[in-house]
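Hi,

Here is the structure I promised to send over. Have a look at it first, and then read my notes below.

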Amino acid sequence: MRVVVILPTYNERGNIEKLIPILEEEIFPKIKKHKMSILVADDNSPDGTAEEVLKMMKKWNNVEISKGPKKGLGAAYVRAMNYAVEEMNAEVMFEMDAD
């Protein structure tokens, strides 16, 4: 089953630098029967969050990013959920704050 963990971000560079490696190295290896992925929904953070995610995408091929204008948390989740279903073929989605 394809599982996507959605992380909405706005100025979360410091948190995303810590969270994604924890998910990838400590949590996901314990989940054997599902294909785990991360989708960062970044609302054009001025602190370089998206750039950090792009670096991590080179290391882990199951990390993706959906960028869009800052319209609030709800809009970020809707955008990310649509992306997860349409582009990542998500069967299950989890929402998780980056902080």
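Before the notes, one term: I call two residues in contact when they have heavy atoms within 4.5 Å. Also, this is a predicted model, where local features need pLDDT of at least 70, side-chain atom pairs count only at pLDDT 80 or more, and totals for chains, interfaces and linings use all residues. Residues are numbered from 1 along each chain as its sequence is written, and side-chain values use heavy atoms, with hydrogens and water left out.

Let's start with the overall layout. The protein chain has three helices and four strands (DSSP runs numbered from the N terminus: helices are H or I with at least four residues, strands are E with at least two). Along the sequence they come in the order β-α-β-α-β-α-β. The C-alpha trace spans about 35 × 25 × 20 Å along its principal axes. Of the contacts with a separation of 6 or more, 76% are between residues 24 or more positions apart.

On to burial and charge. Buried residues make up 45% of the 99 in the chain; buried means under 20% relative accessible area, exposed over 50%, and partly exposed in between, using a 1.4 Å probe and protein chains only. There are 14 positive and 17 negative side chains, and the centres of the two sets lie 4 Å apart. Lys and Arg count as positive and Asp and Glu as negative, while His and the chain ends are not counted; each charge is placed at NZ of Lys, CZ of Arg, CG of Asp or CD of Glu.

Now the strands. β2 (residues 35–42) has seven of its eight residues buried. Strand β1 (residues 2–9) pairs with β2 in the parallel sense over eight bridges, with R2 opposite K35. (Two strands pair if DSSP finds at least two bridges between them.) β2 also runs parallel to β3, joined by five bridges, and D42 has K67 in β3 as its bridge partner. Strand β3 (residues 63–67) is largely enclosed by the rest of the structure, because four of its five residues are buried.

S37 has 0% relative accessibility, so it counts as buried. What does S37 contact, leaving aside its neighbours within four places in sequence? The list is R2, V3, V4, V5, F28, N62 and M88.

Cheers
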